[in-house]
Amino acid sequence: MGIFSRRQTAVIEPTPTLGISTPGAEASTSGAVLDPALRALTGRWTIDRPHSRIGFSVRHAMVTTVRGAFTDYDSTLHFDGARPSASRAELVIRVASVDTGVEQRDAHLVGPDFFDVRRFPEMVFRSTSTLHEGGESFRMTGDLTIRGVTRSVDLQLDYLGSVLDPFGYERAGFDGTTTIDRTDWGLVYNQRLKTGGAMVSEKVRLQFDISAIRSTS
């Protein structure tokens with residue numbers, strides 16, 4: 001999730017100083033000092049898919065880790081540089097695009113044992129709040145929908161910086177992570193090991209390596 005936290009909402013509203021004396025700095029609703037440079041990021045952004053990764057990792061057979069990613073998705077990001085709490089994000093993932101590097105495993109994941117893409121073709125995240133925790137760190141809370149089940153999750157987000165690339169695009173980077181229990185979304189399929197434990201861990205780590213481009217429209 002870095003993607004989900006930082007560039008959002010186009011309206012800048014005054015923020016109380018809360019007694020902060022740092023020249024040019026604003027205070028977020030959490031009391032943490034905001035870098036004035038964040039104001040320049042205010043606006044609408046989209047994820048640059050060729051330079052981003054929406055991924056996951058899960059323990060397999062108790063001893064190894066399987067990693068995968070979703071390659072087809074749409075994003076809507078609005079960042080408010082004066083009030084990060086007013087920022088918002090939406091990510092719609094087409095689950096059939098899952099890629100773990102093994103065709104047989106991917107076919108199993110999109111089938112009824114796991115994502116059941118014929119009935120539930122999309123996975124959706126919609127933010128509900130954003131909190132500036134200090135420095136370059138944010139926490140974005142949102143509703144994550146998988147297989148028709150919606151539950152709240154917290155994403156830990158870190159802003160990596162912004163740059164004007166050689167092609168003239170204003171680009172910003174974010175890293176985001178969260179860990180979920182897949183059974184909370186009805187992903188309960190598993191096989192037990194003779195030596196104890198499960199073939200697939202219930203805990204899944206979601207990872208968002210985001211390069212976002214400012215929208216001109």
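Analyst: Contact means that heavy atoms of two residues lie within 4.5 Å. Threonine 178 meets this with Asp154, Leu155, Val204, Arg205 and Leu206, once neighbours within four places in sequence are left aside. Please keep in mind that this is a predicted model, where local features need pLDDT of at least 70, side-chain atom pairs count only at pLDDT 80 or more, and totals for chains, interfaces and linings use all residues. Residues are numbered from 1 along each chain as its sequence is written, and side-chain values use heavy atoms, with hydrogens and water left out.

User: Why is threonine 178 called buried?

Analyst: Buried means under 20% relative accessible area, exposed over 50%, and partly exposed in between, with a 1.4 Å probe and protein chains only. Threonine 178 is at 10% relative accessibility, so it counts as buried. Threonine 178 belongs to strand β12 (residues 170-181); strands are DSSP runs of E with at least two residues, helices are runs of H or I with at least four, and both are numbered from the N terminus. Across the chain, buried residues make up 46% of the 217 residues, and there are two helices and 13 strands.

User: What lies 2.7 Å from a polar atom of the threonine 178 side chain?

Analyst: That is the backbone oxygen of aspartate 154. A polar contact is a pair of N or O atoms within 3.5 Å; within protein, one must be able to donate a hydrogen and the other to accept it, and residues adjacent in sequence count only if both atoms are side-chain atoms.

User: Which residues have the most contacts inside the largest nonpolar core?

Analyst: They are Phe70, Leu91, Phe115, Met123, Leu144, Ile146 and Ile180, in a core of 42 residues. Strand β13 (residues 200-214) gives the largest share, six residues. Such a core is a set of buried Ala, Val, Leu, Ile, Met, Phe, Trp, Tyr and Cys residues joined through side-chain atoms within 4.5 Å. Methionine 123 touches, among others, Phe70, Leu91, Phe115, Leu144 and Ile146, not counting residues up to four places away in sequence.

User: What makes a space a cavity, and how many of 30 Å³ or more are found?

Analyst: On a 1 Å grid over the protein atoms alone, a cavity is a set of points where a 1.4 Å probe fits but cannot get out, while a pocket is an open set with protein on both sides within 12 Å along at least five of seven lines; lining residues have an atom within 4 Å of a point. The search finds one cavity of 30 Å³ or more. The largest cavity has a volume of about 130 Å³, and Ile93, Met123, Leu144, Leu206 and Phe208 lie nearest its centre among its 14 lining residues.

User: Which residues lie nearest the centre of the largest pocket?

Analyst: Phe56, Val58, Leu109, Phe114 and Val200, out of 23 lining residues. The volume of this largest pocket is about 510 Å³.

Key. Points joined across faces, edges and corners; volume = space filled by probe spheres on them.
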